[in-house]
Amino acid sequence: MDLYSSIFNFMYLFIDSFGFLIISALGLAIIFGMMGIINLAHGEYIMLGAYITTLTAAAGMPFIIALLCGSLGVGLFGGIVDRLIIRHLYKRPLDSVVASWGVSLIMSQGMLVLMGPSIPGLSTPMGSINVGQFDYSVYRIFLGFLAIFIMIVLYVLFKKTKFGLHSRATMQNAVIARNLGINSDRMYCMTYILGSVLAGLAGALYAPTLSIVPTMGSNFMMLSFVTVVVGGADPMTGTLLSGGLLSLFNGGLSMIFGTLMGRLGLLVVAILFIRVLPEGFSGLVERQTLRVNRKKQEAISNGESN
Amino acid sequence: MLKTVKLRAGYGKVMILQGVDFHIGKKEIISIIGRNGVGKSTLMKTLIGEVPVSSGSIEFAGKDCTKLKAYERAQLGMGYIPQGHGVFPLLTVEENLLVGQCINGNKQTTKKHMELVYDYFPRLKERRTQRAGTMSGGERAMLSIARILIGEPSLILFDEPSEGVQPNIVELIGEIILKINADLGVTILLVEQNIGLVQQVSEKAYVIDKGLIAHELDKAMINDNETTKRLLAV
């Protein structure tokens, strides 16, 4: 393998892993970061998204429509779960863990009863390119870039819109936010639906690359959890940085020692990282920005007093 | 403007307020004073809707809002400034202000009000892109007041604005309270330990004790240090 193709190989593994971690973790990260609720049914939401997408596409719809059906369908489902169950547990994060675990069991077993042990999958779109001795899936490279695009859309949503401002205010202090006239329950509900839509989107996007079985959610669950834990409370910067760091190790180790070591390395890095920085990347970033701001302010007031 | 009738409220089975009756007229500035732990802050939290009412009623701007949620009361024009100022530390000064526009359901006139509060608090304009978490106690107090003003409230509930703020800023807060009352016709209810601030601004004060309104003081009585000392001494 020459240098060029091994660099490409590493880049491919990195982008593939980055896309997977980011896309599968975002829904979980937003629900956790904004609401403090750990959605153990996240993997099953992804599974549901994959099923809806696959079935819609198999019924003859174009893939892009199937994709929309998958994400919005899971959003709708999440909205119903929120109104029926999660809404009663907004202030009880531990109970919400148990409840969402129950939801996940019902969903995976329900899907098994409903659709059987597996359904025929879709073929991966976009074909492949050949570099050196390997073929690479164009679709997976595309997903890596799509992950960045989704992050940008979410960044704009949270930083530039009124919904974003209100949800960030609610995240920081729900009591103050509602005393200022924000309907915090509605913010939570909408945030939960947004998280569900993103989970559905993850399932929809990865549906053509995986076998569609009722237990497929667990593939996503573990890695998205690790990403969120390393990322910390801020769903945007946290997920981005943690996805980047973990993919760097995952990609590098996968290239040299194979997939298993890549996966193991990712977990070891995550454990070490959390040992050193228990609040994850966002805790680190938050402290740094406040420190820089404070220094800037001190500089200003020193300037004034002189 | 605001009226409570036999208001009883508290946490779980413990009733902190034991039947509070009081009223504030339009454009009045009224203080609630009392010793520690007699229910002053609980009264404020009950008025905005954070502590549930168990019996009695709250009437605000001619509407019974005993059963309304906190955000609904805020949207009617009730601006609550909590103890410790309650700014959002990771939002910038400007973002903090923008959150305040939900009060009174007012969405159109934000720009005008933004200029108004920057006029009142030029310091906040200098700092508008800075995160609120990096500011001093006094600046946070200013921000918490400005944030309420953006929403054009008809009533402001102040819960100990002097807390964690240096004395010269407390006096400044007093001036601002008088100014917004005079300029904008906002009614103000103030809970305060700092008797200097109470004397500076209030026309009338209620002394709260054991969850009840024990005394009503007029301006002369508030300014009489002997009276206030007697009522507040432990």
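Reply: One definition before we start: contact means heavy atoms within 4.5 Å. Helices (H or I, at least four residues) and strands (E, at least two) are DSSP runs, numbered from the N terminus, and axes are lines fitted to C-alpha atoms, for helices over the stretch in contact, with angles running from 0 to 180 degrees between N-to-C directions. This is a predicted model, in which local features need pLDDT of at least 70 and side-chain atom pairs count only at pLDDT 80 or more, while totals for chains, interfaces and linings use all residues. Residues are numbered from 1 along each chain as its sequence is written, chains are lettered from A and ligands numbered from 1 in the order in which they are written, and side-chain values use heavy atoms, with hydrogens and water left out.

Me: Which strands of chain B does helix α7 lie across?
Reply: Helix α7(B), residues 167-184, lies across β3 (29-33), β7 and β8 of chain B, and runs at about 155 degrees to β8(B).

Me: And what order do the strands of that six-stranded sheet take?
Reply: The order is β6-β7-β8-β3-β9-β10 in chain B, an open sheet with mixed pairing, where two strands pair if DSSP finds at least two bridges between them. The edges are β6 (78-81) and β10 (212-218), each of which pairs on one side only, and the twist from one strand to the next averages 20 degrees.

Me: How many bridges join β7 to β8?
Reply: Five, between β7(B) at residues 155-159 and β8(B) at residues 187-191, and the two strands run parallel; within this pairing, B:Leu157 has B:Leu189 in β8(B) as its bridge partner.

Me: What about the four-stranded sheet, is it parallel or antiparallel?
Reply: Antiparallel: it is an open sheet of chain B in the order β2-β1-β4-β5, with β2 (14-24) and β5 (63-64) as its edge strands. Strand β4(B), residues 53-60, is joined to β5(B) over two bridges, and B:Phe60 stands opposite B:Lys63 in β5(B).

Me: Switching to chain A, at what angle do α1 and α8 pack?
Reply: Helix α1(A), residues 3-35, and helix α8(A), residues 184-206, pack at about 165 degrees with their axes 8 Å apart.

Me: Which residue does A:Asp16 form a salt bridge with?
Reply: A:Arg140, with the closest N and O atoms 2.6 Å apart; a salt bridge here is a side-chain nitrogen of Lys or Arg within 4 Å of a carboxyl oxygen of Asp or Glu. The pair links distant parts of the chain, A:Asp16 in α1(A) and A:Arg140 in helix α5(A) (residues 138-160), 124 residues apart.

Me: How many salt bridges does the structure hold?
Reply: Nine, over all chains.
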